[in-house]
Each structure stands twice: as structure tokens, then as C-alpha cells.
Amino acid sequence: MPMYKDEVDPALQALESRQEEILKRLYELKAAVDGLSKMIQTPDADFDATNIIQADEHVPLTANAADLDNLLGKDYDALKDIVINANPALPPLSLLVLHSLLCERYKILSAVHTHSSVKSVPENLLKCFGEQTKKQSRHEYQLGFTLIWKDVPKPQMKFSIQTMCPIEGEGNIARFLFSLLGQQHSAVTATLIDSWVDTAIFQLKEGSNKEKAAVLRSMNAALGKSSWLVGSELTVADIVAWCALQQTGSANTVPAHVQKWLKSCENLAPFNSALKLLK
């Protein structure tokens, strides 16, 4: 059948449509490649997470029994117990600060014991939780917190004695304890907090003088932009870093912004109480 002048060959129309779709996809692909190219050409040093952190939604440090059930699991008619083994020769100061913060949020049954592997423990460490006078039965408390001074190479923590492997290392235990305070962060902020905790433990506390100096410079830069190491709220990064500075004797020789931050920490009662243990 002959085609009239104004008629369009369906096969040709389909070919044109296909060509337009291919061109559209090519443009989209080019735009994606251009975007990746910009990311690759941008040095990591140019990435500033400050704006992301400032926009991060911080949940206030409040928690209740229901939160504990969500975090630790519901255990009817049994007190949730946290048991920490620590060496009195290397007291985990950050865990004592966190204990005080937890006591502000929960009714905690605290206890300090000495293991037979340790010959003697200084009086101030035996009373690091203050004078403990048990006036209520166990079921009236929300959380048990037991510290055992023991000859161990690094702090160990168990929450459910029979069913879990111990969490080892002051930084890891600090992360766990701080999570019980109910603060939540975006993935970016949480990653930065973790990074500061590791830096405080492995470089500020255990590193060489050169490493410590580099960390102090980084801290000073971060604290020049915000009140705390990560954003506008106290986090576990501040607690672990503050304790590392106190225990290495570096607190007196720090840059201006770090000095101001140290004073902000010490204005909080849990830090002030921990500081007395070093005297």
C-alpha cells in the first residue's frame, strides 16, 4: 500500500524515539561521571563536616527504664548488671565519669570490689563511687554497676555475665556506656565521634610525643569551631579525650581552645569528681 506525503513510517518513528531515549541516558550518564570526577579531584582535607554536624539533630541526654529495655533487652524480675574489671595501676577514668553521668539518669546500684589477683588498692579507688549505703532492695534499682579492681591488661566489661563475651578496652566500654544515655547521631557525626575516641586512646594516651602534639593541634582546630569536639553537645569523644589528657599529664601544656574546653569539662560535676581521684 503506497504511503501518503503526510504519513510517518511507524518503523522510522520508533527508531527516532529509541534514539531520543539513548541520548537522554547518555546525558544522564555524563552528568553522573562529571559529579564523580569532582568528588575524586577534591582532596579529603577540603571536606569539612562542620556544617553537617551543626545541622545534626541531637537528642538530649535523657533516658528512662523503657529506654534501657530497648537497649539492653527486657529481663523480668532481674536487675540489669554491668560488671567491669579494671587494673588499679591504670584506672579507666572515663568509665568513672560515665558512671556519674549514668547515676544522674538512672537509679543505679553501685559496688566496688577487689579481686584476689590484686594485693592492694588505694583508698580513693576503693571509694571511687562514693560511700555506698544500700537502703533499698535490688528490684528497686534500674541498673547494677559493679567495678572489680583486678590484675587485667585492659578493662573488660560484661553486661550479661552468662551469655556474652566481654567487651575489652576503655574506648569500647565507654562507647557502650555512653549509648545508655540515649543520645543519637547521624552516621557522619557518629563516625567522627568514633574517630576521636580512637585517636584519644591510641595516640593521645598511648602515642609518641610527636603523635600527641599532632592530636592537640587537631583538637585545637576542632574546638575553635565548636564548644565540644564534635558539634555543640558533650559526647563520649570529649569524655575519653579529657581523661586521656589528665592521665598523661598533658593538661597543663595545651593550646588556647583546648584549655577553654578543659575548663568546660571540669565545670561539670562528673569530671570534677573524677579529677579528685588523681590527686
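Predicted model: local features only at pLDDT ≥ 70, side-chain atom pairs only at ≥ 80, totals over all residues.
Residues are numbered from 1 along each chain as its sequence is written, and side-chain values use heavy atoms, with hydrogens and water left out.

**Stop 1: Pro-255**

Select Pro-255 to start. At 26% relative accessibility, Pro-255 counts as partly exposed. You'll find Pro-255 in the loop between helix H9 (236-248) and helix H10 (256-266). Helices (H or I, at least four residues) and strands (E, at least two) are DSSP runs, numbered from the N terminus.

**Stop 2: the strands**

Next, pick Asn-85, which sits in strand E1 (residues 81-86). Is Asn-85 buried or exposed? Asn-85 is buried, with a relative accessible area of 15%. Show Leu-147 as well: C-alpha to C-alpha, Asn-85 and Leu-147 are 6.1 Å apart in space, yet 62 residues apart in sequence.

Then jump to Thr-114 in strand E2 (residues 108-114). Thr-114 counts as partly exposed, at 40% relative accessibility.

**Stop 3: the cavity**

Keep Leu-147 on screen, because it also lines the largest cavity. Select the rest of that lining too: Ile-84, Pro-92, Leu-95, Leu-96, Phe-129 and Phe-145. The elements that give two or more residues to this lining are helix H4 (93-105) and strand E3 (143-149).

On a 1 Å grid over the protein atoms alone, a cavity is a set of points where a 1.4 Å probe fits but cannot get out, and a pocket is an open set with protein on both sides within 12 Å along at least five of seven lines; lining residues have an atom within 4 Å of a point. Grid points are joined across faces, edges and corners, and a volume is the space filled by probe spheres set on the points.

How many cavities of 30 Å³ or more are there? The count comes to one. The largest cavity has a volume of about 40 Å³. Color the lining by residue class and you get seven nonpolar, no polar and no charged. Here Ala, Val, Leu, Ile, Met, Phe, Trp, Tyr, Cys and Pro count as nonpolar, Asp, Glu, Lys and Arg as charged, and the others, Gly among them, as polar.

**Stop 4**

Side chains of opposite charge can pair when their charged atoms come close. A salt bridge here is a side-chain nitrogen of Lys or Arg within 4 Å of a carboxyl oxygen of Asp or Glu, and the count comes to five.

Select Glu-170 and Lys-205: they form a salt bridge, with the closest N and O atoms 2.8 Å apart. The pair links distant parts of the chain, with Glu-170 in helix H6 (residues 170-179) and Lys-205 in helix H7 (residues 187-205), 35 residues apart. Glu-170 is buried at 9% relative accessible area, whereas Lys-205 is partly exposed at 25%.

Now click Arg-175. Its side chain meets that of Asp-194 in a salt bridge (2.7 Å, N to O). Arg-175 lies in helix H6 and Asp-194 in helix H7, so this pair ties together parts that are 19 residues apart in sequence. Asp-198 and Arg-175 also meet in a salt bridge (2.8 Å, N to O). Asp-198 lies in helix H7, so this second pair ties together parts 23 residues apart in sequence. Shared partners join Arg-175, Asp-194 and Asp-198 into one network.

**Stop 5: the second largest pocket**

H6 and H7 each supply at least two residues of the lining, which divides into eight nonpolar, five polar and seven charged.

Note on methods: Buried < 20%, exposed > 50% of the residue type's maximum accessible area, 1.4 Å probe, protein only.
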